[in-house]
Amino acid sequence: QQVDLLLDTFMFFHVVSNTTLSRMSQGQIRRAVTSSSNRYYAGWRDTQTWVSDTRLGLEQTEREHRNPFDETPRDFFSVARTARELGTRFGRYQDLECRSMKQALIDVEQGDTGRVPLRR
């Protein structure tokens with residue numbers, strides 16, 4: 001649970017602008033990170049799901065390379081490796097999100113003008 005909160009907070013700082021973060025208190029950041037609201041970042045729920053799925057995949061890979069009888073809980077360095085890997089992989093994930101947004105805009109484009117109506 002604490003690892004999930006830590007990694008979600010790490011990713012929240014990746015996706016939310018510094019201007020927004022500078023106006024938020026520590027409590028507001030924690031509430032934003034733990035909620036499934038898209039208030040600060042439109043893709044936050046999807047990002048949380050991606051972080052969780054990626055973390056579980058990384059943990060499975062780590063377990064395969066570890067002594068199966070070692071029940072040592074995750075340490076700081078293990079979590080730091082996970083955070084670094086999330087940061088490395090995030091660009092590919094975000095590219096998918098950008099392509100999806102581009103397609104949604106193309107779908108509402110007026111003719112071949114490259115313009116999107118602001119109102120419907």
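This is a predicted model: local features need pLDDT of at least 70, side-chain atom pairs count only at pLDDT 80 or more; totals for chains, interfaces and linings use all residues.

Me: OK, so where is threonine 47 found?
Reply: Threonine 47 sits in helix 4.

Me: And is threonine 47 buried or exposed?
Reply: Buried, because its relative accessibility is 0% and the cut-off for buried is under 20%.

Me: What is threonine 47 in contact with, leaving aside neighbours within four places in sequence?
Reply: Met11, Tyr41, Phe90 and Tyr93. Of those, Met11 is also one of the buried residues of helix 1.

Me: Let's switch to helix 1, then. How many residues has it got?
Reply: Helix 1 has 14, running over residues 2–15. From first C-alpha to last it reaches 20 Å, close to the 20 Å expected at 1.5 Å a residue.

Me: Which residues are buried in helix 1?
Reply: Leu7, Asp8, Met11, Phe12 and Val15. They cover an arc of only 145° around the axis, so they lie on the same side of helix 1.

Me: What do the buried residues of helix 1 pack against?
Reply: Helix 2 (18–22), helix 3 (26–34), helix 4 (44–64) and helix 5 (76–107).

Me: New topic: pockets. What volume has the largest pocket?
Reply: About 180 Å³.

Me: Which residues line the largest pocket?
Reply: Among them are Glu59, Glu62, Arg63, Arg66, Asp70, Glu71 and Arg74, along with Asn67, Pro68 and Thr72. By class, the lining has seven charged, two polar and two nonpolar residues.

How values were computed: Residues are numbered from 1 along each chain as its sequence is written. Side-chain values use heavy atoms; hydrogens and water are left out. On a 1 Å grid over the protein atoms alone, a cavity is a set of points where a 1.4 Å probe fits but cannot get out, and a pocket is an open set with protein on both sides within 12 Å along at least five of seven lines; lining residues have an atom within 4 Å of a point. Grid points are joined across faces, edges and corners, and a volume is the space filled by probe spheres set on the points. Ala, Val, Leu, Ile, Met, Phe, Trp, Tyr, Cys and Pro count as nonpolar, Asp, Glu, Lys and Arg as charged, and the others, Gly among them, as polar. Helices (H or I, at least four residues) and strands (E, at least two) are DSSP runs, numbered from the N terminus. The expected span of a helix is 1.5 Å times one less than its number of residues. Buried means under 20% relative accessible area, exposed over 50%, partly exposed in between (1.4 Å probe, protein chains only). The arc is that of the directions from the helix axis to the C-beta atoms. Contact means heavy atoms within 4.5 Å.
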